[in-house]
Amino acid sequence: MNAPDTLVRSLDARYYTDPAIYQKEQQGLFAKTWQFAGHESQVERTGDYFSFEIAGQSLFCIRGRDGVLRTFYNVCQHRAHELVSGSGNCKVIVCPYHAWTYELTGGLRAGPNLKAVAGFSRQDICLTEVKTEVFWGFIFVNLDPQAEPMDSWFPGVREELGAFVPHIEQLKPLEWVQVSEKCNWKVSVENYSECYHCALNHPTFATGVVKPETYDIRPQGHCLRHTTECQNLDRMSYPIDLEANAHAGDYSSWFLWPAFSFQVYPGNVLNTYHWRSTGVETCDVWRGWYTIDGVDSEVIHRLAVQDRATTVEEDILLVESVQRGLHSRGYRPGPLVVDPKCGVNSEHSIMALQQWMREGADA
Ligand code: FES
Ligand SMILES: [Fe+2]
C-alpha cells in the first residue's frame, strides 16, 4: 500500500451529524451500491415474496415460475398503491386498491374493466424491476440500473468465500441479532474496519484465537478484506476438525462497501454483519448466524450470545462516545495513523473507507 506524503485527516464531524449529508447519502450512495436484501431461503418456492426498504424505497423480492428471483419497486403502476407488505406467497400479485393483477415476472395480467379503455395496451405496463444478485444464497439489490456486477465491485470475494465456507450453499439463517446503536452508520462501519482499538478495548482479542500482530485489513476493490493468523485453536469453545478442509483453521472477513460483511471463524463458521441507517445519528447493526439447513445448534447459539455480550457490547460504548464527541466544539479531525507497512496498528483501511465515504456524500 502506498502511504500518503502528507497527513490524512479524519472526516469532518459534519459528515456524521448533518441531515443534508445524510439525505444525499440516502439518495446517492445507498441508491447506487449493492445492498443486502435477505436470504434466498426466505423465497424458496414459486410465488414466495418478502418486502424490505433500501434508501427510503419500498421493494420486494419474489420467486417466479421460471425459478428466477426478481426484485420490484413495491408500487402499482395504476395509481401507486403499495402492492405487498411483509412476506408471504401468491399466485399473482394483486393490488389491494383496484385489483389490477401482475404476473410474477412483473407484467400486467388483468384489471377490472380495462377492456373498456380505448387504446389501452396491457403489454406496455410492467412493474419496475431492480437489479438483483444472489451471492452464495445472499440476496443483494442495486437501485442503479447501470450498476456493475458484484464481482467487479468485490473482486475475488465470491471465490474466496466459497473456499472458506465449503458448505455455504447449504446454509440458512439460524438467527439475526439486532443491535441498535446511537451513532451515524459511518461511525459504526469505521469501528468495524480497523483494529487499532482492539488491544485496548477487546480484552479477549489479544489472548484469543486471533494472533493480533498478524491482523491486517486491505482494500480489494470496494471490499475491505480482514486477514489474520490464528493461535490457540485447541482452546476454542467449540470443536474444530482441522483436517476437514484447507481453511478449517482460518479466520477472515470481507466487508462489502458500504454496509455488509461476511465473517468466517475457524471451523468454517459463517456469520454476517449488516448495517441499516435508521436516522442521521442512529443505526441498527444486524449480526447473522447460519447453520446447514438452519438446524438448531447449541454451539452457534452460544457463539451468538458470547459475541453480543463481548465484542458487540464493547463496540457500542465506543461508537456512541464517538458520536457524542463529534458534536464537541473542541474537535479538530486528527490525522489517521497510516503505517506504510499496514498491520493491526494502522488505519490505512479507514483512509480507503473515508475516501469512499467522501465520494458517497459529496457526489
Ligand atoms: S392503484 Fe393498484 S389497482 Fe389501482
Ligand atoms: Fe471493535
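Q: Which residues of helix α4 (residues 157-164) are buried?

A: In this predicted model, where local features need pLDDT of at least 70 and side-chain atom pairs count only at pLDDT 80 or more, totals for chains, interfaces and linings use all residues. Residues are numbered from 1 along each chain as its sequence is written, while chains are lettered from A and ligands numbered from 1 in the order in which they are written. The buried residues of α4 are V157, L161 and F164, where buried means that 20 or more other C-beta atoms lie within 10 Å of the residue's own, exposed that 12 or fewer do, and partly exposed that the count is in between, with C-beta atoms placed from the backbone. Helices are DSSP runs of H or I with at least four residues, strands runs of E with at least two, both numbered from the N terminus.

Q: Why are the buried residues of α4 said to line one face of the helix?

A: Seen down the axis of α4, they fall within an arc of 65°, so they line one face; the arc is that of the directions from the helix axis to the C-beta atoms. On the other side of α4, E159 and G162 are exposed.

Q: What covers the buried residues of α4?

A: The cover includes strands β13 (223-228), β14 (251-256) and β15 (260-265), contact being defined by C-beta atoms, placed from the backbone, that lie within 7 Å.

Q: What makes helices α5 and α8 oblique to each other?

A: Helix α5 (residues 185-192) and helix α8 (residues 298-325) pack at an angle of about 135°, with their axes 10 Å apart. Axes are lines fitted to C-alpha atoms, for helices over the stretch in contact, and angles run from 0 to 180 degrees between N-to-C directions. Angles under 35 degrees count as roughly parallel, over 145 as roughly antiparallel, 65 to 115 as roughly perpendicular and the rest as oblique, and α5 and α8 are therefore oblique. The contact is made by V187, S188 and N191 of α5 with D315, L318, V319, V322 and Q323 of α8.

Q: Why is the protein chain called as compact as a globular protein of its length?

A: The chain has 9 helices and 17 strands. Its radius of gyration is 22 Å, close to the 21 Å that the globule rule gives for 363 residues, so the chain is as compact as a globular protein of that length; the radius is taken over C-alpha atoms, and the rule is 2.2 Å times the number of residues to the power 0.38.

Notes. Contact = placed C-beta atoms within 7 Å.
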